[in-house]
Amino acid sequence: GGLHQGCIKLNVLPDSPIQNVEDLVGTKIAVDEIGGTPYQVALLWLAQNGISPDQVTFLPFNDGSLELEALYNGQVDVAALWDPLATTSVEDGKARTILDISKDDPFAGHFCCFLYASNKVLEEDPELIAAELRAYHAAQNWIYENPEEAVQLVTEKQYVSIEDHDLAVELIKSYGFPSTEAYDSGRWDIEGDVKYFAQALYDVGFLTTEPDEYVKSAYTNVDLTLGQ
């Protein structure tokens, strides 16, 4: 299943000479971990613009706050960050975004976060998986229809650290949580997104399995009516 779009950005200092992907050659990029999602985002953006990962240096940090500190003190040139830090650092005037996966190629229009289930559970209890997917779809539709209430919930429960309510609402809206209508209309092609990113990661050598074979092993259709 797909969760939403967006939520990762590449930031630089406001006065940085870095304006686009071509300017990243020779730079140091902070990530939360080598091989993690922000790392893969930066890797794909570079590769799809003809830049080898050998032309940049990736430095891992334990969390986004440490990435930002490294950016502010000049230890790195770019920070690949999850929201809300990616956006709040810009709103505070301390950073500038050069890539926003919610609206920039090659990520715009694709799910960035996915749901997984083990083969064991899929085989032994498919009704449970179907029920969980129905619940996720209901939650996604509720977030789509009630972004204000969704923000209030996650901030009251301290699931995220963001004080600007209006900004948080705009972020929720930008992530493209799918509505029930969008699912029913077939607008979202989750299997296609899995194939899209598998092909992209295969092309840069991050994934060694042939994309078609990877999709066969990593994606399965679930009958959502099971157990109803």
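Modeller: Helices (H or I, at least four residues) and strands (E, at least two) are DSSP runs, numbered from the N terminus. This is a predicted model, where local features need pLDDT of at least 70, side-chain atom pairs count only at pLDDT 80 or more, and totals for chains, interfaces and linings use all residues. Residues are numbered from 1 along each chain as its sequence is written, and side-chain values use heavy atoms, with hydrogens and water left out.

Biologist: Where is P106 placed, and which peptide bond there is cis?

Modeller: Most residues other than glycine have a negative phi, and most peptide bonds are trans. P106 lies in the loop between β6 and β7 (113-114). The bond from D105 to P106 is cis, with omega near 5°. The bond from D83 to P84 is cis, with omega near 5°. P84 sits in the loop between β5 and α3 (85-91).

Biologist: Which residue other than glycine has a positive phi near 95°?

Modeller: That is C7. C7 belongs to the loop between β1 (2-4) and β2. Buried means under 20% relative accessible area, exposed over 50%, partly exposed in between (1.4 Å probe, protein chains only). C7 has 8% relative accessibility, so it counts as buried.

Biologist: And is Q158 buried or exposed?

Modeller: Q158 counts as exposed because its relative accessibility is 68%. Its phi is positive, about 60°, although Q158 is not a glycine. Look for Q158 in the loop between α6 (147-156) and α7 (165-174).

Biologist: How do I read the faces of strand β2?

Modeller: In a regular strand the side chains alternate between the two faces of the sheet. In β2, I8, L10 and V12 are on one side, K9 and N11 on the other, and all are buried. Five of the five residues of β2 (residues 8-12) are buried, so the strand is largely enclosed by the rest of the structure.

Biologist: Which strands pair with β2?

Modeller: Two strands pair if DSSP finds at least two bridges between them. β2 pairs with β5 (residues 78-82) in the antiparallel sense, over four bridges. There, I8 has W82 as its bridge partner. Four bridges also join β2 to β6 (residues 96-100), again antiparallel. L10 stands opposite L99 in β6.

Biologist: Which residues of α9 meet α10?

Modeller: Contact means heavy atoms within 4.5 Å. From α9, E191, V194, K195, A198, Q199 and Y202 meet P211, D212, Y214 and V215 of α10. The contact residues divide into six nonpolar (Ala, Val, Leu, Ile, Met, Phe, Trp, Tyr, Cys and Pro), three charged (Asp, Glu, Lys and Arg) and one polar (the others, Gly among them).
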